[in-house]
Amino acid sequence: NLNTSLFEGFNLSILESYECGLPTVTFNFGESAYEEIDNESTGFIVEQNNKEEYINKLKTLLDNEELLMEMSNNSKEKAKNFKIENIVHDWIKLFEEIDKD
């Protein structure tokens with residue numbers, strides 16, 4: 001998954017790509033980049049507008065099949081963190097806390 005956004009709130013295409021075992025190369029689009037991507041594990045987060053580094057990280061994945069497969073497996077595992085059955089309890093807890101106020 002190649003993400004070139006300058007800003008994202010929460011990028012669903014990253015989670016969708018993880019389901020398919022695709023790591024992400026992205027510019028640092030904000031706080032949620034680090035919530036969604038484990039840098040150098042499920043993809044690469046590159047300093048905003050550093051096009052040379054972005055290209056280098058992409059080449060790294062394309063030239064290193066072992067690394068690509070490792071990141072692919074890591075991405076599939078990371079996707080499990082965002083499955084409904086794994087987050088529904090967190091949402092219920094949040095709403096219960098809000099309801100107390």
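**Reading a predicted model together**

Student: What is the relative accessible area of Lys 83, and how do I read that value?
Tutor: Lys 83 has a relative accessible area of 30%, so Lys 83 is partly exposed. Under 20% would count as buried and over 50% as exposed. Please keep in mind that this is a predicted model.

Student: Which side chain meets Lys 83 in a salt bridge?
Tutor: To read a salt bridge, look for a side-chain nitrogen of Lys or Arg within 4 Å of a carboxyl oxygen of Asp or Glu. Here Lys 83 meets Glu 19, with 3.5 Å from N to O. Lys 83 sits in the loop between helix H4 and H5, while Glu 19 belongs to helix H1, so the pair ties together parts 64 residues apart in sequence. Glu 19 is partly exposed too, at 44%.

Student: How many salt bridges does the structure hold?
Tutor: There are four. Another one of them links Lys 78 with Asp 38, where the closest N and O atoms are 3.0 Å apart. Lys 78 is in helix H4 and Asp 38 in the loop between H2 and S3, so parts 40 residues apart in sequence are tied together. Lys 78 is buried, at 10%, whereas Asp 38 is partly exposed, at 31%.

Student: Where do Lys 80 and Glu 77 lie?
Tutor: Both are in helix H4, three residues apart, which is about one turn of the helix.

Student: Which way do the side chains of S2 point?
Tutor: In a regular strand, side chains alternate between the two faces of the sheet. In S2, Thr 24 and Thr 26 point one way, Val 25 and Phe 27 the other, and all are buried. The chain reaches S2 from S1 through helix H1, in a right-handed β-α-β crossover.

Student: How many aromatic pairs are there?
Tutor: The search finds three. One of them, Trp 91 and Phe 95, is tilted, with 5.8 Å between centres and 35° between planes. These two residues are four apart in helix H5, so about one helical turn separates them.

Note on methods: Residues are numbered from 1 along each chain as its sequence is written. This is a predicted model: local features need pLDDT of at least 70, side-chain atom pairs count only at pLDDT 80 or more; totals for chains, interfaces and linings use all residues. Side-chain values use heavy atoms; hydrogens and water are left out. Rings of Phe, Tyr and Trp (its six-membered ring) pair if their centres lie within 6.5 Å; planes under 30 degrees apart count as stacked, over 60 as edge-to-face and the rest as tilted. Buried means under 20% relative accessible area, exposed over 50%, partly exposed in between (1.4 Å probe, protein chains only). A crossover is right-handed if, with the strands pointing away from the viewer, the path from the first strand over the helix to the second runs clockwise.
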